Amino acid sequence: MADTRELWKRIETLHAVTYFAPESSEAAREAGLRGFWMGYFGFRASPLGPVSAPVVEAAFANFAPAMVRRSVPDAWSFADPSDLVTVRARAAADALRRLAPGIEAVAVQVNDRLEAVAATATSIGRPLFAANRDVAPLDDPVEQLWQHCTTLREHRGDGHVAALAVADVDGCQAHQLLIAAQGLPAEVLRDNRGWTEEQWEAAALDLHHRGLVSDDELTDEGRELHHTIEERTDSLAGAPFEAAASEAVSEAVSADASGSLVDDLTDALTAVAVGVASSGVLPFPNPMGLPSVAAPD
């Protein structure tokens, strides 16, 4: 039996080409965005419309405010967000077709089910999910698959931000908990999220004073808190899959198939996710905390 975390690894892997594939970086440049990070913020925030930096800072949650302000709102003076929504999906689909040649058949197989899952999810407190959910349907099946994956990964991300907020963990501290839990290189997260050494050290000191981290390792209390945050994130992310499976909210998810929805989606997306993960396009480790999807034994 698969779980929603295993399914997330596949969904996140397909989504992640928008950050790392050359098709996406080239599309951002051609759309008028200047530099990698303006492309990142412009593409990811585009479903929200021409929002201000504080909105992006709050929604993304783990970037230093100064880093956000270097790209937003300037990005909207170079490209219309509504155009970027379309451009980013087209570029991601081009990358996915190159990296996972069988992806079109997979898209046809799973798109209705992924749409049904998103339709069950609540938008309360989930700005990135809600904005992506309401992106107009895309005619190309691979573009639509990428958009569905993006919608559901942002749903999970919004829930993770909520879990962090309840735990009184800010964006900089969240990175340090992950580093202590997984042994990741600090620079992978610190330098790619714009935190200064002073901010990083202040966050580390606060975690130490709270008894969560000692000598760059989680304490018992830190492990418990980290487990609670991850467990809550998984629970929130799994809710729409459970609802879609049990309520059969669309013809695409029948009562007969309800018990195996997560399994079926995980199985369907495994081969294409392995293709992307093994291509070398995505770095491991990465700032997303995404592990590589391995081929099944």
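This report walks through the pockets, a helix, the salt bridges and some backbone details of one structure.

The model is predicted, so local features are described only where pLDDT is at least 70, side-chain atom pairs count only at pLDDT 80 or more, and totals for chains, interfaces and linings use all residues. Residues are numbered from 1 along each chain as its sequence is written, and side-chain values use heavy atoms, with hydrogens and water left out.

## Spaces in the protein

On a 1 Å grid over the protein atoms alone, a cavity is a set of points where a 1.4 Å probe fits but cannot get out, while a pocket is an open set with protein on both sides within 12 Å along at least five of seven lines; lining residues have an atom within 4 Å of a point. Grid points are joined across faces, edges and corners, and a volume is the space filled by probe spheres set on the points.

The largest pocket has a volume of about 820 Å³. Its lining has 38 residues, and those closest to the pocket centre are Trp8, Asn62, His160, Leu178 and Met288. Several helices supply at least two lining residues each, among them α1 (4–15), α11 (141–166) and α15 (220–247). Helices (H or I, at least four residues) and strands (E, at least two) are DSSP runs, numbered from the N terminus. The largest share of this lining, 8 residues, comes from α11. By class, the pocket lining has 19 nonpolar, 9 polar and 10 charged residues. Here Ala, Val, Leu, Ile, Met, Phe, Trp, Tyr, Cys and Pro count as nonpolar, Asp, Glu, Lys and Arg as charged, and the others, Gly among them, as polar.

The structure also holds 1 cavity of 30 Å³ or more. About 100 Å³ of space lies in the largest cavity. Its lining includes Thr4, Trp8, Arg156 and Phe241. The elements that give two or more residues to this lining are α1, α11 and α15. The cavity lining divides into 7 nonpolar, 2 polar and 2 charged residues.

## A look at helix α1

How far apart are the end C-alpha atoms of α1? They are 16 Å apart, which agrees with the 16 Å that its 12 residues should span at 1.5 Å a residue. The expected span is 1.5 Å times one less than the number of residues.

Helix α1 is mostly covered, with 10 of its 12 residues buried. Buried means under 20% relative accessible area, exposed over 50%, and partly exposed in between (1.4 Å probe, protein chains only). Among the buried residues of α1 are Leu7, Trp8 and Ile11. At the N-terminal end, Asp3 caps the helix, with a side-chain oxygen 3.2 Å from the backbone nitrogen of Arg5.

## Salt bridges

A search of the whole structure finds 17 salt bridges. A salt bridge is a side-chain nitrogen of Lys or Arg within 4 Å of a carboxyl oxygen of Asp or Glu. Here are some of them.

| Pair | Closest N to O distance |
|---|---|
| Arg10 and Glu6 | 3.2 Å |
| Arg29 and Glu26 | 2.3 Å |

Glu23 lies in helix α3 (residues 22–31) and Arg98 in helix α8 (residues 81–99), so this pair ties together parts that are 75 residues apart in sequence. Arg10 and Glu6 are 4 residues apart in helix α1, about one helical turn. Arg29 and Glu26 both lie in helix α3, 3 residues apart, about one turn of the helix. An α-helix has 3.6 residues a turn, so residues three or four places apart point the same way.

Is Arg10 buried or exposed? Arg10 is buried, with a relative accessible area of 8%, whereas Glu6 is partly exposed at 29%. Arg29 is partly exposed at 49%, and Glu26 is partly exposed at 32%. Salt bridges that share partners also join Arg5, Arg156, Glu230 and Asp234 into one network.

## Backbone details

Where are the cis peptide bonds? One joins Val72 and Pro73, with omega about 10°, and Pro73 lies in the loop between α6 (65–69) and α7 (75–78). Another joins Phe284 and Pro285, with omega about 0°, and Pro285 lies in the segment after α16 (261–277).

Ala61, in the loop between α5 and α6, has phi near 75° and is partly exposed at 25% relative accessibility. Asp215, in the loop between β1 (213–214) and β2 (217–218), has phi near 55° and is exposed at 72% relative accessibility.

Definitions and conventions. A polar contact is a pair of N or O atoms within 3.5 Å; within protein, one must be able to donate a hydrogen and the other to accept it, and residues adjacent in sequence count only if both atoms are side-chain atoms.
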